[in-house]
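User: I would like to learn how to read a fold from its computed features. Please take me through one model, feature by feature.

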Amino acid sequence: RSLYEKIEDFYEVRSLNEITDISSIKLIRKNPEEQQSKIVNIEDADTVNEIVKVLKNSEVYNLGATSYEDLLILTKKDGSEIELQIPPYYPGLYVGEGFILGDAVYYSPGTEEWLELMDKYFNK
């Protein structure tokens, strides 16, 4: 049995198939030092589709114990939201990649793909 199947026995497992009809994406980066979260909103359809494509190409991955405290919120066209927990990201300082969907399933599109995504869209 795969890691994915074992996880299903204990946790709510949510599928990447849920990531469809996304109209906007919001990154909330918690910043305890400045006491204020950083928020990046992306509403451009082409950009949203490009990001969604990377997210959907992820695979179940065992990332270990880095902290997943920032949020990537995907808003669907019907107004419902999908919340992905992601690790804090600082350029040049690798601390983890990918996201948690649901309770405890880690997904990763790959380290290079993840870092490129963060640099290109969310590190403004």
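User: Is Trp114 buried or exposed?

Analyst: Some ground rules come with the answer. This is a predicted model: local features need pLDDT of at least 70, side-chain atom pairs count only at pLDDT 80 or more, and totals for chains, interfaces and linings use all residues. Residues are numbered from 1 along each chain as its sequence is written, and side-chain values use heavy atoms, with hydrogens and water left out. Buried means under 20% relative accessible area, exposed over 50%, and partly exposed in between, with a 1.4 Å probe and protein chains only. Trp114 has a relative accessible area of 0%, so Trp114 is buried.

User: How many helices and strands does the chain have, and in what order do the elements run?

Analyst: Helices (H or I, at least four residues) and strands (E, at least two) are DSSP runs, numbered from the N terminus. The chain has three helices and seven strands. The order from the N terminus is α-β-β-α-β-β-β-β-β-α.

User: Which strands pair with S7?

Analyst: Two strands pair if DSSP finds at least two bridges between them. Strand S6 (residues 99-101) runs antiparallel to S7, with three bridges. Here Phe99 faces Tyr107 across the pair. Strand S3 (residues 59-60) also pairs with S7 (residues 105-108) in the antiparallel sense, over two bridges. There, Glu59 has Ser108 as its bridge partner.

User: Which residues take a positive phi?

Analyst: Most residues other than glycine have a negative phi. Asp21 is not a glycine, yet its phi is positive, about 55°. Asp21 lies in the loop between helix H1 (3-10) and strand S1 (22-29). Gly102 also takes a positive phi, near 85°, in the hairpin of S6 and S7, which has three residues between the strands.

User: How many aromatic pairs are there?

Analyst: Rings of Phe, Tyr and Trp (its six-membered ring) pair if their centres lie within 6.5 Å; planes under 30 degrees apart count as stacked, over 60 as edge-to-face and the rest as tilted. The whole structure holds three aromatic pairs. One of them, Phe99 with Tyr107, is stacked, at 5.6 Å centre to centre and 25° between the planes. Phe99 is buried at 0% relative accessible area, and Tyr107 is buried at 4%. The ring centres of Phe99 and Trp114 are 6.3 Å apart and the planes stand at 35°, so this pair is tilted. The pair links distant parts of the chain, with Phe99 in strand S6 and Trp114 in helix H3, 15 residues apart.

User: Which residues touch the most other members of the largest nonpolar core?

Analyst: In soluble globular proteins, nonpolar side chains tend to be buried together. A nonpolar core is a set of buried Ala, Val, Leu, Ile, Met, Phe, Trp, Tyr and Cys residues joined through side-chain atoms within 4.5 Å. The largest such core has 26 residues, and Ile25, Leu55, Phe99 and Phe122 touch the most other members. The elements giving two or more residues include S1, strand S2 (38-42), helix H2 (45-56) and helix H3 (111-122). H3 gives the largest share, five residues.

User: What is Leu55 in contact with, leaving aside its neighbours within four places in sequence?

Analyst: Contact means heavy atoms within 4.5 Å. With those neighbours set aside, the contacts of Leu55 are Leu16, Leu72, Leu74, Leu84, Phe99, Trp114 and Leu117.

User: How much of the chain counts as buried?

Analyst: Of its 124 residues, 40% count as buried.
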